[in-house]
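Trainee: I would like to learn how to read a structure like this one. Could we go through it feature by feature?

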Amino acid sequence: MDSATLEIGQLSSEEGITMAESEQYPESSRSLDSLREMRLTALLGDLIGEQGKTQAAETLGVSPRTLTRYEESRRLTPTLTGALERHLLEGGGSAAATQRHRLGMLEDRLTELERLLREGLAADERQAKALDELAQRVAALEAAGNGKAQANAVTPAGVPASASAPSVSRPRRVYPDLVTAEAEPSEELVYGDVASPVIVQWRQARDLFAAATDAMDILNARERRLKLEVELIEQHELTLPPATRPWDWGDRRQEVRRRNEMLYEVNVDRKMLKLKRFLTLGLWRK
């Protein structure tokens, strides 16, 4: 058994979670992995702060270029992870004892944290579903109201507006399946009554994502935008910008898969954000 495997096993033992429990409760396993990564990241930060990047690389037995890549991506590579774990096993670094103390303090809080995370995720899903249903109802009511107003409107001469108003022509599109980034007049004649409200919601979600500043609001807005994009691509077979030509079946399948992967990443990032805010009593806002 190598040192990295020994360290991982020791961390799992300290948190009181067996391999069987990790398989039964995947959230627990991911929480431990997140804590392990936080532990190694803190150790690396202390080393670079105390020794400088060049000396820290020599201490860990890696090249300075490895630390440069970490500073650019903020992701621990397998090589860097192994070096930090070996450094911990050798007892090096003042961060080692500090992180062991912190993990000991978290032992009694992990169970409660996991329960809160599961309840929070369930609440988010229920809220997103309720918002989708509400938005669809509002769009349907607005469409019905506009149609009724046009039917009842009359001209000054007493002639119904529907009889005197010129017919609305369908916009000319080279690619009718290509969704435009901005709304266009009478575009519902191109996309249809079913897809048009979803496109409106997608544009609103995109604008909300661009305007959000709080980290949790950004993740929630990004999740809603991605879910609407999956619906537009998968159910309505539409192509989204910045594409300039319609996607075929294979393209749409690939785009849906890519967005589902991003939805998974959003879910993980939201868990990590909740974890950080929980551990810092809500002080972590980034």
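This is a predicted model: local features need pLDDT of at least 70, side-chain atom pairs count only at pLDDT 80 or more; totals for chains, interfaces and linings use all residues.

Trainee: Which residues of H5 are buried?

Mentor: They are Leu80, Thr81, Gly82, Ala83, Leu84, Glu85, His87 and Leu88. Here is a general idea to go with that. An α-helix has 3.6 residues a turn, so residues three or four places apart point the same way.

Trainee: Is Thr79 buried or exposed?

Mentor: Thr79 is also part of helix H5. Its relative accessibility is 53%, so Thr79 counts as exposed. The cut-off for exposed is over 50%. Thr79 and Thr66 are 13 residues apart along the chain, and their C-alpha atoms are separated by 8.5 Å.

Trainee: Which other residue has a positive phi of about 60° although it is not a glycine?

Mentor: Ser186 does. Find Ser186 in the loop between helix H8 (161-164) and H9.

Trainee: Let me step back. How many helices and strands does the protein chain have?

Mentor: The chain has 11 helices and zero strands. Read along the sequence, its pattern is α-α-α-α-α-α-α-α-α-α-α. The protein chain has 286 residues, and buried residues make up 34% of them.

Trainee: Can we look at one buried residue? Where is Ser196 placed?

Mentor: Ser196 sits in helix H9 (residues 188-211). Buried means under 20% relative accessible area. Ser196 has 12% relative accessibility, so it counts as buried.

Trainee: What does the side chain of Ser196 reach?

Mentor: The Ser196 side chain reaches the backbone oxygen of Gly192, at 2.6 Å.

Trainee: Now for pairs. What describes two packed helices?

Mentor: Two things: the angle between their axes and the distance between the axes. Take helix H10 (residues 215-234) and helix H11 (residues 249-279). They pack at an angle of about 160°, with their axes 9 Å apart. H10 and H11 are therefore roughly antiparallel to each other. The cut-off for that label is an angle over 145 degrees.

Trainee: What kind of crossing does H10 make with H11?

Mentor: H10 passes H11 in a left-handed crossing. Sorted by class, their contact has 11 nonpolar, two polar and 12 charged residues.

Trainee: How do I check the span of H11?

Mentor: Do as we did for H5. At 1.5 Å a residue, the 31 residues of H11 should span 45 Å. The end C-alpha atoms of H11 are 45 Å apart, which agrees.

Trainee: Which residue caps the N-terminal end of H11?

Mentor: Asp248 does. One of its side-chain oxygens lies 3.2 Å from the backbone nitrogen of Gly250.

Terms used:
Residues are numbered from 1 along each chain as its sequence is written. Side-chain values use heavy atoms; hydrogens and water are left out. Axes are lines fitted to C-alpha atoms, for helices over the stretch in contact, and angles run from 0 to 180 degrees between N-to-C directions. Helices (H or I, at least four residues) and strands (E, at least two) are DSSP runs, numbered from the N terminus. Angles under 35 degrees count as roughly parallel, over 145 as roughly antiparallel, 65 to 115 as roughly perpendicular and the rest as oblique. A crossing is left-handed if the near helix is turned anticlockwise from the far one by less than a right angle, and right-handed if clockwise. Ala, Val, Leu, Ile, Met, Phe, Trp, Tyr, Cys and Pro count as nonpolar, Asp, Glu, Lys and Arg as charged, and the others, Gly among them, as polar. The expected span of a helix is 1.5 Å times one less than its number of residues. A polar contact is a pair of N or O atoms within 3.5 Å; within protein, one must be able to donate a hydrogen and the other to accept it, and residues adjacent in sequence count only if both atoms are side-chain atoms. Buried means under 20% relative accessible area, exposed over 50%, partly exposed in between (1.4 Å probe, protein chains only).
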